[in-house]
Amino acid sequence: MKELDYPFNSADIRRQAKKLKKQLLKQEDLLPKRVAILSGSTIGQMKDMLELFLLNQGILPVMYEGQYNNYYEESVFESAELLDFKPDVIYIHTTIRNIQEWPQAGDDAGQVEEKIDRQVRKFIQIWESLRQKTGAMIIQNNFEMLPYRIMGNMDRVHITGRQYFLEEVNRRFVQEISKRDYIFINDIHYLSACYGLERWFDDSVWYAFKYAFSPDAIPQTAYNISNIIKSYFGKNKKAVIVDLDNTLWKGVIGDDGTEGIELGIETPEGMMYAEFQEYLKNLRDRGILLNICSKNEAEAARQGLSHPSSVLTMDDVTIAKCNWDRKSENIRDMGAQLNLNTDSFVFIDDNPAEQEEVEKNVPGIMVLPVQDPSDMRRLLDRSGFFEVTSYSKEDLQRGNLYRANLEREAALNGEDYQKYLIGLQMKAEFTGISSANLDRVTQLINKTNQFNLTGLRLGRSEVQEFASGNIAICGTLYDKFGNNGLVSVILGEIRGSQTLAVTLWIMSCRVFKRQMEYAMFDRLVELCCQQGIQKILGEYIPTKKNMPVKDLYEGLGFVLREEQEGHQIWEYRIPENYRNRNQVIQVI
């Protein structure tokens with residue numbers, strides 16, 4: 001919904017909240033999640049705004065509103081209402097208004113350190129208590145700057161300065177949260193700086209209604225929180241598609257040639273485009289696929305990215321489509337090549353006509369509303385498309401992995417498909433879940449949509465807990481083009497002595513149709529036989545995106561036992577003479 005896409009008008013959103021919510025509730029395939037807000041100040045509008053933005057992110061929130069300024073009591077002491085709510089997410093809405101103990105003139109370094117330590121330990125107690133009682137992911141505000149400085153510039157330097165105190169508490173928050181995989185910072189220190197402290201604080205609404213900051217800043221804060229939540233539950237964008245002329249450089253390369261485009265430090269506009277390229281390069285290096293779609297000759301991209309001042313090179317690009325076809329057609333073709341839904345894409349083009357053509361004809365794509373090229377980096381950054389809540393070594397290689405996959409597809413080139421698969425010289429390695437692969441497993445679970453039989457999302461500690469005492473299989477696939485990485489996970493719950501229920505089965509779209517699913521199932525049967533399990537139950541819960549695996553269990557020989565509104569339960573009796581289905585992948 002455009003009204004809720006960045007950049008948005010906070011006043012309009014607050015005014016139209018009920019109308020927008022009514023429209024958003026008409027969406028299909030929303031992901032239900034239970035979200036609790038614990039109060040450090042009045043949170044009514046925060047709850048309403050967060051609900052709107054989550055709906056716009058494809059998440060259906062059931063909301064819990066904590067009692068006013070009762071965040072510590074509800075966290076640390078028994079709160080039957082909160083426990084009965086069973087939250088998936090807990091957001092702790094605290095600000096500088098909740099700091100009650102500040103350094104005083106005359107305090108020595110030891111006294112100040114004790115106050116910092118007490119402040120931080122209070123929140124550690126809150127986090128650990130909530131996690132132990134609920135198992136929920138936790139989002140914690142850090143602290144914004146104060147709107148005043150008692151000591152002027154020295155306030156940030158002197159040990160009794162309040163700005164110094166806040167900086168130290170925020171630094172300690174970072175240290176402590178980095179040790180806990182279930183907590184995420186909502187960086188209101190940054191948000192308030194972007195918004196402007198003089199606008200962020202509104203003492204009149206604090207005195208009258210106990211809103212910790214200006215109501216007009218609440219939508220931006222709620223939007224930031226929604227980006228964390230949607231990232232955690234696998235709803236990030238995965239790829240950027242950019243135009244060339246007047247998007248990656250100033251000028252039209254077909255007319256001006258490489259020498260005629262502006263790029264680099266020699267001109268103000270050239271610097272602007274070089275910095276935007278640098279931002280895209282950083283996204284690419286962190287696992288976002290970078291693609292080109294331009295009405296140009298095929299040689300244009302190579303020439304432009306060979307410019308001496310170009311930050312990007314053709315090696316950074318996964319797919320480049322430079323032709324005179326409609327851009328919407330090229331983008332849909334990219335989706336098919338990458339095996340990604342088009343709602344995984346962000347499209348950037350300086351031309352409003354191209355923006356409109358793509359937006360109307362490519363389902364779910366996000367078109368960056370560029371009006372001034374100098375604003376591209378800010379719009380892309382502040383839109384939160386690529387919010388990070390997990391990060392693994394596979395992210396560093398994702399662009400290369402997809403490029404290698406395209407090389408595999410090119411190698412097919414009309415060849416008999418079975419011979420093609422054999423020619424890939426594939427090898428699979430199976431392991432359980434360990435500290436070495438836990439981050440990647442959790443990330444894959446929360447990002448995989450198409451080959452995801454139940455749509456289940458799990459946090460890091462939940463994966464760890466489930467794997468204990470049950471069956472967990474992680475599959476890594478290699479071939480002659482290189483290592484595809486950890487690409488598939490099965491989690492099976494042992495029920496009784498002879499039954500296993502497959503709770504989760506996911507596989508990366510990079511390895512569809514290469515018999516990796518057969519190899520994973522063969523391994524599952526092998527482990528079941530080792531433990532005397534005779535029956536495997538499989539569950540399929542339909543979502544908007546997992547139709548490609550609707551018939552998986554039937555193809556593996558399962559029998560349908562139950563179906564209700566598309567939700568299916570399948571059963572497989574392991575035969576004594578089970579024969580492996582995988583015929584092309586060597587197991588190592």
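This is a predicted model: local features need pLDDT of at least 70, side-chain atom pairs count only at pLDDT 80 or more; totals for chains, interfaces and linings use all residues.
On the α20 side the contact involves L438, D439, V441, T442 and I445, which meet R460, V463 and Q464 of α21. Sorted by class, the contact of α20 with α21 has four nonpolar, two polar and two charged residues.

The count of aromatic pairs comes to 28.

| Pair | Centre to centre | Angle between planes |
|---|---|---|
| Y64 and F85 | 5.4 Å | 40° |
| F558 and Y572 | 5.1 Å | 35° |

Y64 belongs to strand β2 (residues 59-65) and F85 to helix α5 (residues 80-85), so this pair ties together parts that are 21 residues apart in sequence. Both Y64 and F85 are buried. F85 also has a charged neighbour: R34 lies over the face of F85, at 4.5 Å from the ring centre.

In the other pair, F558 lies in the loop between α23 (552-555) and β17 (559-564), while Y572 lies in strand β18 (residues 567-573), so the pair ties together parts that are 14 residues apart in sequence. F558 is buried, with a relative accessible area of 5%, and Y572 is buried with a relative accessible area of 5%. One aromatic cluster is formed by F451, W505, F512, F521, Y553, F558, Y572 and Y578.

A further charge over a ring is that of K210, whose charged end sits 5.4 Å from the centre of the W206 ring.

Technical notes: Residues are numbered from 1 along each chain as its sequence is written. Side-chain values use heavy atoms; hydrogens and water are left out. Contact means heavy atoms within 4.5 Å. Helices (H or I, at least four residues) and strands (E, at least two) are DSSP runs, numbered from the N terminus. Ala, Val, Leu, Ile, Met, Phe, Trp, Tyr, Cys and Pro count as nonpolar, Asp, Glu, Lys and Arg as charged, and the others, Gly among them, as polar. Rings of Phe, Tyr and Trp (its six-membered ring) pair if their centres lie within 6.5 Å; planes under 30 degrees apart count as stacked, over 60 as edge-to-face and the rest as tilted. Buried means under 20% relative accessible area, exposed over 50%, partly exposed in between (1.4 Å probe, protein chains only). A charge sits over a ring if NZ of Lys or CZ of Arg is within 6 Å of the ring centre and within 35 degrees of the ring normal.
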